[in-house]
Amino acid sequence: MSTVLQPFVNFGIWLWGLLATVVVWIFGQELAPPIMLTVRILLLIVCIVAPLMLAVAYLTLWERKMIGWMQIRIGPNRVTFFGIRWLGGLAQPIADGLKLLVKEIIVPAGANKVLFVLAPVMAIMPALAAWAVVPFAPEVVLANIDAGLLYIMAITSMGVYGIIIAGWASNSKYAFLGSLRSAAQMVSYELAMGFALVCVLMAAQSLNLTEVVDGQRGNWGALNWFWVPLFPIFLVYFISGVAETNRAPFDVAEGESEIVAGFHVEYSGMAFAVFFLAEYANMILISTLASIMFLGGWLSPVPAVLANAIGLPWLAAGSVGWLLVKIFVVVSSFLWFRATFPRYRYDQIMRLGWKVFLPLTIAWIVILGAWMLTPLWVWGK
C-alpha cells in the first residue's frame, strides 16, 4: 500500500514546497511562516469537512438500503450516474441534495427572521467544530490540545441552542413544543454522557484524545481497550448518544403522530436540510468518539502474537483504516436500532436518563476509582 501511495505523497511534498517558495517570494521571509500555517490549517479543515459531508450524504443512502434489507425490501436503486445500471441508487443522495437546494425557503410571517435562519447554523456548527480535536492517527489531528475531552463536552453541549431557537423563532406552538421536548431530552442525556467521559478520563489519566488512545495499547489487542473495564459505561454512552441525536427509539421530539415533525416543522429547502445534516453528522461524531474512547481508536484489535503466528504481522499495526471500520460498525448500530425498537414514551425516556443512567454512571465512577487502586487494574498508563 505504501508503494502505491508513495508517488502521491512525493507529489504532495513537491507541491507544498512550490507553494512555500511562491509565498516567500511574494510576502517575504517574515510573513511567510504565519501565512503557510494558515494555509495548512485551512487545508486540514477542508480535508476533514469535505469527506465528512460526503459521508453524511451517503449515510442516508446506507440507512435506507440497510433498513430495506432488514425489512426484505430493495431500497433506493433507480437514481444512477450517466445511465450506468449497476450504479443504480448511488446518485440518490446527490439527487436529494439538489432537490432541497432548489426548493424555496419559506419564512413564516410571524417568525423572528434572524433567529429563524441562524438556528440551523447553530445546530450543525458544534457537529463540525468538534472534529478539530479528533485524532485519526498518532500525528493526524487538527489541534492536539491537552483538554480535548473538555473541548468536546463544551462544544457539543451547544447543539441544544439551535433546537431551542428553531422552535421559538418559528412562532409555532407545534415547533415550540417539539423544541422543549427535544431540549429536555438532550440535557438529560448529556449528564449521563458527561459522567461517562469522566470514567474515560479516570481510566486514561488524560484529557488528550491521542493519549486516551495510547492508553489502550497492549499485547492483548481488543482486550486492552477501555470497553472491557468500562463496558456498562460504553453502553450508557452509546445509548445516550442515540438519545442525544434524537434518533429512534428516542425520536419523540419528531413524533409525527403527535407534533407533526418537531422543532423543524416550519423549515423547508436547505434550511431543513441543514438540520438533517446536523443529525447525521452528530451520529458520525458520536460513533467516532465511542471508537476513540472505548474501542481503541486506530489501534488494531488483533494481538501482535496472533498476527505473527498466522504470518500477517501487518494486521497488528494501527492505522486510520481500523478507525474507519469501527466508526462504520458503531454508526450502523444507530440504523439497526431504528429498524428494531419501537418508539419509547416520553416518561420512559426521562426515567431511563435520570433514574437509571445517571445513578449507574456515578456508581461506576466510585467502583472504577476503587478498582484502579488495586493490582487488578491493568489498563491505561
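User: Is H5 enclosed or open, and how many of its residues are buried?
Analyst: In this predicted model, eight of the eleven residues of H5 are buried, so H5 is largely enclosed by the rest of the structure. Buried here means under 20% relative accessible area, exposed means over 50%, and partly exposed lies in between, with a 1.4 Å probe and protein chains only. Helices (H or I, at least four residues) and strands (E, at least two) are DSSP runs, numbered from the N terminus.

User: Which residues of H5 are the buried ones?
Analyst: They are Gly159, Val160, Gly162, Ile163, Ile165, Ala166, Gly167 and Ala169.

User: And what do they pack against?
Analyst: The buried residues of H5 pack against helix H3 (113-129), H4, H6 and H10, where contact means heavy atoms within 4.5 Å.

User: Where does isoleucine 72 sit, and what is its phi near?
Analyst: Isoleucine 72 is in the loop between helix H1 (2-70) and helix H2 (92-102), and its phi is near 55 degrees, again positive in a residue other than glycine. Isoleucine 72 is exposed, with a relative accessible area of 79%.

User: Which peptide bond is cis?
Analyst: The bond from alanine 248 to proline 249 is cis, with omega near 10 degrees, and proline 249 is found in the loop between helix H8 (231-244) and helix H9 (256-259).

User: Stepping back, how many helices and strands does the chain have?
Analyst: The protein chain has 13 helices and zero strands. Residue numbers start from 1 along each chain as its sequence is written. Because this is a predicted model, local features need pLDDT of at least 70 and side-chain atom pairs count only at pLDDT 80 or more, while totals for chains, interfaces and linings use all residues; side-chain values use heavy atoms, with hydrogens and water left out.

User: What is the radius of gyration, and what would a compact globule have?
Analyst: With 381 residues, a compact globule would have a radius of gyration near 21 Å, and the 23 Å of the protein chain agrees with that. The radius is taken over C-alpha atoms, and the globule rule is 2.2 Å times the number of residues to the power 0.38. Along its principal axes, the C-alpha trace spans about 60 × 60 × 50 Å.

User: What share of the residues counts as buried, and what share of contacts is between residues 24 or more positions apart?
Analyst: Of the 381 residues, 44% count as buried, and residues 24 or more positions apart account for 75% of the contacts with a separation of 6 or more.

User: Which residues touch the most other members of the largest nonpolar core?
Analyst: In that core of 67 residues, Leu230, Tyr237, Met293 and Phe294 touch the most other members. Elements giving two or more residues to this core include H1, helix H4 (148-156), helix H10 (269-294) and helix H13 (346-372), and H10 gives the most, with eleven residues. A nonpolar core is a set of buried Ala, Val, Leu, Ile, Met, Phe, Trp, Tyr and Cys residues joined through side-chain atoms within 4.5 Å.

User: What is phenylalanine 294 in contact with?
Analyst: Leaving aside neighbours within four places in sequence, phenylalanine 294 is in contact with Val200, Gln216, Trp225, Phe226, Trp227, Leu230, Ile233, Phe234 and Tyr237.

User: Now threonine 156: where does it lie, and what does it touch?
Analyst: Threonine 156 lies in helix H4 and, at 26% relative accessibility, counts as partly exposed. Not counting residues up to four places away in sequence, threonine 156 touches Pro126, Ala130, Glu190 and Leu285.

User: And what does alanine 184 touch?
Analyst: Alanine 184, which lies in helix H6, touches Tyr346 and Met350, with residues up to four places away in sequence not counted. Alanine 184 is partly exposed, with a relative accessible area of 30%.
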